[in-house]
Each structure stands twice: as C-alpha cells, then as structure tokens.
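Trainee: I would like a close look at one part of this model, followed by its surroundings. Please take it slowly and keep to what can be read from the structure.

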Amino acid sequence: MIFKNTKKNGIKITGNGDIKQGASLLELALLLVLFFTNSTPILWGLITSLKTRREILVYPPRFINFTFSWEHYQNVFDNGLGLGMRNSLLYAGCTIVLGLILGLLAAYGFERYSFPLKKILFYIVIAGIPLSIGSAAMLIPNYLYMMNLGLTNKWYTLILLYTAYNLPMAIWIMKGGIEAIPLEIEDAARIDGCSRAYIITRLIPRLCLPSIASSALFLFIGAWNEFITAAVMIDSPNLRSIQLVIYYFRGFFGTDWGGLMASAMVAVLPILLVFSVLGKLMVSGLTQGAVKG
Amino acid sequence: MNVKKLLHNYLGFLLTLPGMLLIIMILVVPLFSTLYSSFFKLDHLQNGGYVGSANYASLFSDPAIWYSFGITILITVASAGISMVLGLIFALWIDRRTGMVAYLIQLIGLLPWVISMMVGTVLWRWILNGDTGLLNYFLRSLGFSPIIIFESKTASVVTLIIVMAWRTIGYSMVMILAGLKGVDNGLLEAARVDGANTWQVLTHIKLPLIKTPILLSTIVLTMSNFNNNTVPLILTGGGPGTATNVISLELYRMGFTYYKFGQASALSVLVFLVNIVFVVLYVRMIKYDI
Amino acid sequence: MQKRSKRWIAIILTGILSLNLLAGCSAKPVPSQDTGVSNKESKEDASSQTDSTAESGQTDGEQVVRMWTFLDPAAADGRGKALGEIIQNFETENPNIKIVVEPQDWEQMTPKFFAAHAAGNAPDIIWCIMDEMGAALDLGALEPLENLFLKDWSEEEIADIDDSFFNFGTRDGLHYQITHSRNYMAFYYRADLFEEKGLSIPQTWDEFVEVCQALTEVDPQTGIQRYGFGQAFNVDKVDPQIMTARLLEKQGNLFTEEGKANWANETGEEALKFQLDCITEYGITPEAAVNLTGEELFTEFAAGKYAIISGGAVRVPTVRADVPFDPGAVQLMLYPSTDGNGHAPSTINGWCVGVWSGSQVKDAAGKFVEALMSPEADELWVTEGGQLAIRKSTMEKLGDFYQNPDNKYLTIVADGITNAGWPQPTDYPISSWKNDLNRAAQMVMVDGKSVSEALSTVAGDFDTRNGG
C-alpha cells in the first residue's frame with residue numbers, strides 16, 4: 001500500500017476549499033493574538049535593549065517614539081559577552097555530544113534488553129529528574145562534593161554536570177523513540193549481516209531522528225540556560241558561561257536594564273539557531289511506513 | 001566463549017553503564033551526602049554536632065512548612081496542568097500544518113522557554129507593576145481601572161501560576177509534537193476509513209499512542225515547577241505575606257538567608273521525597289510499563 | 001554458568017556502589033576547629049591538577065593571589081576600571097606578585113566562600129558582606145591584618161583610616177577587614193520638586209510627613225500618581241526600612257547584649273506603626289509598598305513615582321545615570337530626628353575585604369589589601385568609582401572634587417557615617433534581621449495581625465534561629 005502523506009502538502013483534505021481557507025484566516029488571527037500574549041515580555045525586553053539608557057525607566061513607557069541606540073549591545077560585548085557565548089557554546093555542544101552518546105546507548109540497553117537490576121536502574125533514571133532539577137537546593141553540599149572530587153572550576157566541569165542533569169530525560173526520550181521502531185527492522189538487518197554495533201550506531205539513530213533531535217534540543221537548552229550551578233562551580237572569569245554574564249547586569253549596585261536585556265536577547269539567538277536546524281528533524285516523521293511494503 | 005556469552009547476556013547492562021555511572025556519581029551520591037548532613041546542626045557550615053532527627057522534627061512541627069507544601073502543590077499542579085493542555089493544543093495544531101506556518105507556531109511557543117528564566121520573570125514583574133507597568137498603562141489609556149496584582153494575595157497566586165505555565169508551554173509542545181510525529185499515518189488513515197471523526201481519532205488513537213511523551217512532560221513540568229525558586233523569588237518574593245511562599249523559597253531562605261544548612265538539607269530530602277511521590281503517582285495513573 | 005555470571009555482576013556492582021558511597025560520605029562538612037591539616041592536603045591536590053585556571057601558590061618565585069569580588073576589572077564600569085588600574089599599578093611595583101580576580105555573583109559569593117573555606121580551598125582575598133562578618137569570624141576564616149601589614153603602620157597612618165568602618169568586626173583588638181564600597185542608608189530626594197514647591201529639608205519626622213504630603217499628587221507632566229515617600233517591605237531582597245532608624249534613635253541597638261531581638265517592645269511598636277501609618281494614615285506611601293523590592297523602589301523613583309525614597313548611598317551614580325530627568329536633581333539627605341537635633345542613626349554597610357586564614361600567600365595578599373586602600377588607590381575609588389573615601393587624607397586632598405555640587409552627597413554621607421552611623425554587631429549572629437522586620441510589616445498589612453503580635457512573632461523566630 002502506498003500512503004499519500006496528506007500532511008506534506010499542507011492541505012487538509014476536507015469537504016470543500018472554502019472551509020480550508022476560512023480556517024487559515026482564523027488561524028492567522030489566532031496566531032497573532034497568541035504571538036502578542038506569549039511574547040510581550042520578550043518584545044518589551046527587545047525594545048528596552050534598543051533604547052538609550054535614560055529612556056528605559058521613563059513613564060509613560062515608550063514603545064515606538066524612542067531614540068534608537070546600539071549602546072547596550074556594544075556595552076555587553078565590552079563586558080565579556082563574547083567570551084561567555086564562546087564558553088557556553090563549548091559547554092552546550094559537548095553536552096549534546098556526550099549526552100546523545102551516553103543516552104542512546106543507555107536507551108537501547110533499557111529498551112531492547114532485559115537484565116537483572118534493569119528496573120532499579122531505570123528507577124534511578126526517573127529519580128534523576130527531580131534530583132537534577134532540584135539540585136539548586138543541595139547546592140552547597142554539591143559544591144563541597146565536587147571540590148572533594150577535584151572537579152570544580154575546570155573546562156569540563158559544566159559539561160559533566162550538564163550532561164548528568166539532562167541525561168535522565170534524554171534517556172527516557174530516546175527510549176521512547178526506540179520503542180517505536182519495530183523489532184522486525186533490526187531482525188532484518190541482522191539477517192542481512194549487520195553487526196550489533198552497526199545497528200546501534202547507524203541504523204537506530206536514523207530511524208529515531210525525531211527523538212534524538214528532541215533530546216539534543218533539550219540538552220542544549222538545559223546547558224545554555226542554567227545559572228546557579230555555573231555560578232557556584234566555576235570561579236575563573238575565562239570559564240564563565242553566558243548566563244553568568246547576563247546575571248552580572250543584575251549587580252550589587254543596581255540593575256543595568258539595557259545591559260540585561262541586550263545580553264538576554266543575544267543569548268536567545270543561538271538557541272533559535274539550533275532549533276531551526278533540529279526543528280526539521282524533530283518533525284520529520286521518518287519512521288512512518290518504514291515496515292509496510 | 002564464557003566471556004562472549006557473558007557479554008551478550010549482559011550487553012544491555014553494559015550499554016547503560018556509562019550513562020548510569022555519570023548519573024549516580026553526579027546526582028545520586030550527593031543525595032546521600034545531603035541525607036547525611038541533615039542529621040547535623042550546620043549553621044554557617046560549622047559542624048554543630050549530631051542532632052539525630054531534630055531537624056526533621058522541627059520541620060514537621062512547623063505549620064508554615066505544611067502550608068508551604070500545600071500552596072506549592074496547588075501552584076505546581078495548576079501551572080503544569082495549564083501548560084500541558086496548552087502544549088497539547090499547540091502540538092496538535094502544528095501537526096496539521098507544515099512549512100513556514102508550523103515553524104512560526106513552534107517558534108512562538110518556544111520563546112518563553114528559551115529566554116533566560118530570570119530575565120523573563122523580571123520582565124513580567126515589570127510589565128505587571130501596578131503603576132509603571134505596561135499592562136496597567138494600557139488599561140488606563142483604554143479607560144479601565146488598573147489591576148492590582150502584587151499586593152493582593154489571590155492575584156499573586158494566580159499570576160504566579162500563569163507565569164510558570166507560560167514559561168513551560170514550549171517544553172510540552174516540543175515533546176508532544178515529537179511523539180505525534182511518530183504516530184503511524186497508516187493507523188490514522190485506517191481509522192478514518194472506518195468512519196472515525198477527528199475527535200475520536202484524537203482520543204482513541206493519538207492520545208494513547210503519545211502516552212510516553214505526555215507522561216514525561218508532565219513529570220518534568222511538575223518537577224520543574226515544584227523546585228523552581230527563581231520565578232517565585234523574583235515575581236512575588238513569597239508574598240504578599242505568605243501567599244505564594246512555595247517550598248523552594250523556604251529552602252532557599254533556609255540555606256542562603258539563614259545559613260542553616262542542616263535544616264536545609266533535611267528539607268531538601270523531604271522535597272525530594274515529595275517529588276518521588278508525584279512521579280510514582282503519574283506512572284501509576286498512566287499505567288506505564290518500564 | 002548462570003550462578004557464576006551473577007556472582008561477577010554482584011561483585012562489580014558492590015565495588016562501584018561502595019566506591020560511590022565512600023566518595024559521598026567523605027564529602028561531609030569539615031569541623032571548623034582545625035583546618036590546618038586539610039588545607040595542606042587540598043592545596044597539594046590543587047597544585048597537581050593541570051588546568052587553564054590560576055592556582056594560588058608559589059611557582060618559580062612568582063606568587064599568585066586569588067581574589068573573589070563582585071567587581072570585574074575587565075568590565076567597562078567605573079569601579080571595575082578603578083580596580084583594574086589599581087591592579088596594574090600594583091603588579092608593576094611588585095613584579096613577583098600576580099593578582100587574579102575571579103568575579104562572582106554577589107549573592108552566591110559569601111555562602112560560596114564559607115563552603116570553600118570548609119573545603120580548604122578558598123581564595124586568598126575575599127570581599128565578605130558586612131552582614132555575615134560575624135559568621136566569618138566565628139568560622140575563623142579571616143587572618144588578622146596585624147599579622148600582615150598593620151603592625152608596620154605608624155600611629156598617624158592608622159589615624160588616617162580610623163573610623164567605625166575600620167573598627168568593625170574587631171576581636172580582641174585585632175582587625176580583620178578593610179571596608180570597601182561603603183554604604184549608608186539615607187533619603188534620596190528630588191531636589192527639583194523641592195525647589196518647585198519651595199520645600200526645605202525636614203529636620204524632624206513630623207516635618208518629614210508634612211513635606212511628603214505636599215509632594216503627593218498626580219504629576220501634571222507624566223500623569224503618574226506621585227507619592228511623597230516610597231517604601232519596600234519585600235521579605236527577600238531587603239534594605240533596612242525607616243523603622244530601624246526610629247528604633248535606633250530611641251534604643252541605640254536593635255539587639256540585647258546577649259544577641260536577642262530587642263524590638264518587641266513599645267519603642268518597636270511605635271516605630272513599626274509610624275512606618276505603616278505612612279500608608280494608611282498619612283497617605284504618603286502607596287499600598288504597593290507591601291511587596292515591593294528595594295530594586296523597584298529605584299526604578300519607580302526614576303519613573304517619577306516617588307519624591308523621596310530610602311536607599312543606600314552607594315547607588316547614587318547608578319541612579320543618576322538611569323533617571324530620565326536631570327541627574328543633578330537626585331540628592332541625598334540624612335534621616336530627620338524626633339526633636340530636630342541631629343539625625344536618627346542609619347545602618348552602615350559595605351564589603352569587608354579580608355585575607356583568608358588558610359591562604360598560602362598571606363603576605364602577598366596582605367600587600368595587595370594594603371594597596372587597595374593606598375592614598376592613590378583611594379583617590380581612584382572616589383573619583384572614578386564614585387565611592388566613599390576610606391582615608392580622611394583623601395577627603396582633604398580632593399577638596400575641589402567634593403565642592404562640585406554633584407559630589408556634595410559624599411560629604412553629607414561622610415557626615416552621617418561619623419555622627420549617625422550604626423554598624424551591625426558582630427559578637428553574636430544576626431542573620432536576616434532585616435527580613436524579619438519586613439515580615440512583621442507584611443504580617444500587619446496583609447494578614448491583619450496587630451503590631452505587637454507581629455513584632456513578638458518575628459522576634460521569637462529570630463531568637464530561635466540565631467540563639468538556639
């Protein structure tokens with residue numbers, strides 16, 4: 001059977017064309033409303049970052065009639081945003097790689113095998129989610145622990161920590177993705193002479209790309225937007241992550257609104273970039289129809 | 001031959017080993033050290049001696065802690081629920097579109113999640129400010145009376161729920177969308193051929209098949225909101241009074257304002273246990289098989 | 001076959017788990033009594049690590065001194081630049097000493113320092129917030145400056161820096177810190193509005209209320225409802241509010257000699273009542289004060305919502321850079337008093353710069369702490385950083401600088417510090433008294449408790465927390 005993927009053309013096959021068009025207009029209007037309610041803070045932050053310093057706190061607030069200025073963007077780059085970004089790209093990038101490797105292996109192990117302790121280990125994975133999200137609470141004990149292990153303030157400190165924090169979720173997501181791959185495919189590959197290693201490293205990833213892409217996105221965002229662990233585990237100024245640079249503008253002497261907003265806006269861009277790349281993979285739906293026919 | 005067979009039988013275990021080692025070393029072991037610390041008096045990190053379960057006893061007998069747990073559960077469940085429902089709607093909507101439109105919707109849904117949590121919350125606090133904020137400025141220009149938020153107990157709770165939900169919609173949207181894309185088209189076509197309408201397709205086919213992403217998102221959102229201390233701290237500071245005094249704020253205060261690390265460790269352990277209870281509940285509700 | 005493989009697995013697992021548990025249990029807090037031995041061990045570990053970061057210690061005759069502060073010498077702001085210059089000058093004069101600054105987030109810095117001290121791996125120089133100086137001393141984390149450079153100072157030199165800041169946190173006559181970023185709570189006021197309405201600086205609290213009432217109106221230009229006096233009772237991000245001043249005026253101290261809270265009495269009730277009457281009776285403070293943060297006081301002041309707010313003097317340059325109106329209109333005045341003679345005492349605060357007791361390069365660190373307040377450095381702090389001077393000689397030398405009307409506030413604050421300044425006690429723990437007083441205010445306004453009930457509740461909480 002050949003399936004025509006009705007979604008690919010963006011056309012919903014309904015009764016008549018009129019209904020389809022009406023829905024589109026309504027959807028556009030809804031989209032606009034949603035855009036404003038969802039993004040008002042971010043829009044306001046963007047506008048703030050483009051104003052001259054003295055206009056930021058003025059009342060009544062100005063959205064259009066303000067003097068445009070790049071001063072805050074210049075200021076944040078003078079204050080180390082470039083370095084912060086470079087470091088965070090390193091941390092987040094390595095977290096993705098390490099997280100995907102460890103996560104895929106573990107997910108395959110959990111999904112396709114049964115072994116003693118499997119349930120316990122998976123419970124640990126599940127427990128890892130509250131442990132990682134709540135790690136801010138145990139921050140000082142964590143700091144002492146890391147220091148005893150000699151793991152603080154190194155270039156790989158945050159990579160290890162961020163991978164560990166986001167690994168439970170990555171494992172779970174990829175396990176779900178592997179679950180959806182029918183066993184018959186792997187059996188067929190074995191019969192064709194593929195080694196187990198080939199299956200795990202080449203075949204499976206291609207078949208569950210959406211899960212891998214989602215995990216990659218979460219690993220990236222988890223590593224990019226994290227603040228408190230970075231603030232405590234890192235001392236050296238040349239190892240600072242981008243969040244530390246952003247928080248600098250909320251300093252002891254007061255908040256530098258322009259700097260805060262400018263740095264936050266710049267920090268959003270790499271995530272959007274990563275999302276653009278991964279987004280397509282996440283919705284590619286490659287597993288459909290792979291077995292039939 | 002023995003080694004090979006051993007390796008094959010336990011290949012699964014070996015595959016999980018590196019990841020599990022990392023998780024255990026970085027996440028699980030500190031839990032034990034926190035547990036250990038919770039039996040001591042540790043003001044300002046000075047070892048004040050073993051106190052047994054005194055830290056726990058003082059927590060259990062403090063009505064403020066009970067209240068705090070209660071209000072945290074309320075706020076967490078409400079915001080996670082709203083976020084899940086909206087994320088589901090977004091995901092279903094995007095699923096029906098492709099190309100630029102889908103991309104735009106996803107982007108709009110993602111923006112609250114990708115912006116630094118502190119900055120987003122700071123912006124909300126500014127926008128919702130009674131006199132100088134955007135919201136009331138608009139309301140006043142349109143002739144309405146301004147909304148009072150941060151001095152009012154109920155308005156603060158509602159606003160906290162909304163902002164926390166706002167922040168996490170993108171997460172559930174992405175998760176559920178990935179799950180939806182994994183649903184076999186063949187099944188959907190077969191169902192429609194059999195005469196099912198859109199709603200029945202949704203409830204009987206799609207939803208059951210995306211059980212895992214829904215479960216995972218719900219768990220992560222609940223954990224995320226329960227343990228979040230940045231948003232409550234910046235948005236309402238636990239006030240007015242104790243209206244929004246969530247447990248993560250109590251924990252933060254105990255450690256970083258009062259410097260009572262022994263008690264804070266005890267509270268961390270309790271918070272972790274409550275989190276586990278949530279997880280177990282969810283897994284049971286959805287009847288998830290490991 | 002099965003049994004054997006199962007046994008192997010059991011052995012491996014036990015090994016892994018026990019290793020992990022050992023690692024976990026060894027990470028318990030170090031008893032603070034004797035950190036000498038553990039310091040050495042961790043230092044050896046530290047120097048055997050290879051990384052791109054600086055480690056304190058000696059290498060080939062060069063000494064590396066690590067300093068934690070919230071300032072960033074690489075940053076573009078005035079204070080950061082001043083610090084950068086001071087470091088440059090110091091390193092030129094002392095080619096064998098290298099100063100490495102590790103800027104920290106100011107909120108995490110002090111707890112992080114305590115943890116680092118417990119682990120035996122703290123920086124050589126630390127900027128400790130004044131509120132926690134008592135705790136730092138109790139932990140034995142700081143080195144007496146007498147051991148380092150103070151013993152070589154002449155009497156005149158000491159007289160130049162001798163003030164309440166210098167004597168803050170002394171134990172047994174030994175000094176443990178030099179205070180930088182000196183702060184003093186005073187009233188920011190809109191000089192332009194005062195002039196417009198022909199108002200003069202209030203000398204008594206009653207005059208203060210009158211002045212504020214005269215300033216409470218709808219601003220004709222911006223349409224914002226202006227209040228005479230802005231207050232902030234948020235429980236987490238706190239500055240001392242004016243009830244502190246009124247309490248201190250009558251009692252002289254917020255605590256008893258044993259370190260118990262001393263505000264659950266008539267004086268305290270009167271002080272809290274006055275604070276809240278500003279909202280309910282005099283109408284000079286908006287209700288929003290109930291959950292406002294100190295930070296928001298400043299942003300709303302800039303928006304023109306308040307004519308007067310209480311704030312730390314250290315923020316004047318930042319406020320002036322932010323306001324959309326004439327920056328020169330932002331001026332400072334000291335708290336009034338009940339009878340018009342003098343001023344009610346106000347909290348002094350600042351960052352205590354000290355040397356870590358476990359440092360391997362104490363003398364070099366001490367040298368830099370000395371350099372941070374050299375006459376040249378002090379000038380830089382004042383002129384570039386907009387800070388209060390540490391030395392009396394600096395204030396004399398920069399006479400012209402202080403004559404400038406923009407810098408008049410510095411002299412006002414210096415006067416306040418000398419004659420009406422209250423340093424926080426360090427002999428007993430006083431963590432979070434400011435939060436407690438604000439909590440009392442919230443209890444009355446939000447939960448409807450009576451003033452006396454609120455005060456005694458938070459006093460009880462304070463005592464349990466700090467005494468027991």
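Is Ala377(C) buried or exposed?

Mentor: This is a predicted model, and what follows should be read as a description of that prediction. Ala377(C) is buried, because its relative accessible area is 3% and the cut-off for buried is under 20%. The residue sits in helix α14 of chain C, which covers residues 375-383.

Next, what surrounds Ala377(C). Apart from neighbours within four places in sequence, Ala377(C) is in contact with Ile86(C), Ala371(C) and Leu372(C). Another residue to look up is Ala82(C): 295 residues separate Ala82(C) from Ala377(C) in sequence, yet their C-alpha atoms are 7.9 Å apart in space.

Leu372(C) leads on to His180(C). Leu372(C) is in contact with Ala377(C), and Leu372(C) is also among the contacts of His180(C). His180(C) belongs to strand β5 of chain C, residues 178-190. With 3% relative accessibility, His180(C) counts as buried, because the limit is 20%. Once neighbours within four places in sequence are set aside, the contacts of His180(C) are Trp127(C), Gly350(C), Trp351(C), Val353(C), Leu372(C), Trp381(C) and Ile390(C).

Now move to another helix of chain C. Helix α11 spans residues 294-302, and eight of its nine residues are buried, so that the helix is mostly covered. The buried ones are Gly294(C), Glu296(C), Leu297(C), Phe298(C), Thr299(C), Glu300(C), Phe301(C) and Ala302(C). After α11(C) comes Gly304(C), which has a positive phi, near 90 degrees.

The loop between α11 and β8 (306-312) of chain C holds Lys305(C). The side chain of Lys305(C) meets that of Asp131(B) in a salt bridge, with 2.5 Å from N to O. That pair crosses between chains, and Asp131(B) lies in the loop between α6 (117-127) and α7 (134-141) of chain B. Both Lys305(C) and Asp131(B) are buried.

Chain C also has salt bridges of its own. Lys197(C) and Glu217(C) meet through their side chains at 3.2 Å, N to O. The pair links distant parts of the chain: Lys197(C) is in helix α7 (residues 191-197), Glu217(C) is in strand β6 (residues 217-218), and the two are 20 residues apart. Lys197(C) counts as partly exposed because its relative accessibility is 31%. Glu217(C), at a relative accessible area of 23%, is partly exposed as well. A further salt bridge joins Asp219(C) to Arg226(C), where the closest N and O atoms are 2.3 Å apart. Asp219(C) and Arg226(C) are both buried. Salt bridges can also form a network, as with Asp235(A), Arg66(C), Glu102(C) and Lys112(C). Over all chains, the structure holds 36 salt bridges.

Just after α13(B), Tyr259(B) has a positive phi of about 60 degrees.

Chain A has twelve helices and two strands. Reading from the N terminus, the order is α-α-α-α-α-α-α-α-α-α-α-β-β-α. Chain A has 293 residues, of which 58% count as buried. Chain A exposes about 12000 Å², and carbon and sulfur atoms supply 67% of that area. Of the contacts in chain A with a separation of 6 or more, 70% are between residues 24 or more positions apart.

The size of an interface is often given as the accessible area lost when the parts come together. Between chain A and chain B, the buried area is about 8800 Å², and carbon and sulfur atoms give 77% of it. The side of chain A that touches chain B has 68 nonpolar, 24 polar and ten charged residues. In terms of contacts, 102 residues of chain A meet 89 residues of chain B. Seven residue pairs are in polar contact across this interface, counting pairs with both residues at pLDDT 80 or more. The number of salt bridges between chain A and chain B is zero.

How values were computed: Residues numbered from 1 in each chain as written. Chains lettered and ligands numbered in written order. Heavy atoms only, no water. Contact = heavy atoms within 4.5 Å. Buried area = accessible area lost by both parts, 1.4 Å probe. Salt bridge = Lys/Arg side-chain N within 4 Å of Asp/Glu carboxyl O. Polar contact = N/O pair within 3.5 Å; in protein donor to acceptor, adjacent residues only side chain to side chain. Nonpolar A, V, L, I, M, F, W, Y, C, P; charged D, E, K, R; others polar. Helix = DSSP H or I, 4+ residues; strand = E, 2+ residues; numbered from the N terminus. Buried < 20%, exposed > 50% of the residue type's maximum accessible area, 1.4 Å probe, protein only. Areas by Shrake-Rupley, 256 points an atom, 1.4 Å probe, with all protein chains shown as cover.
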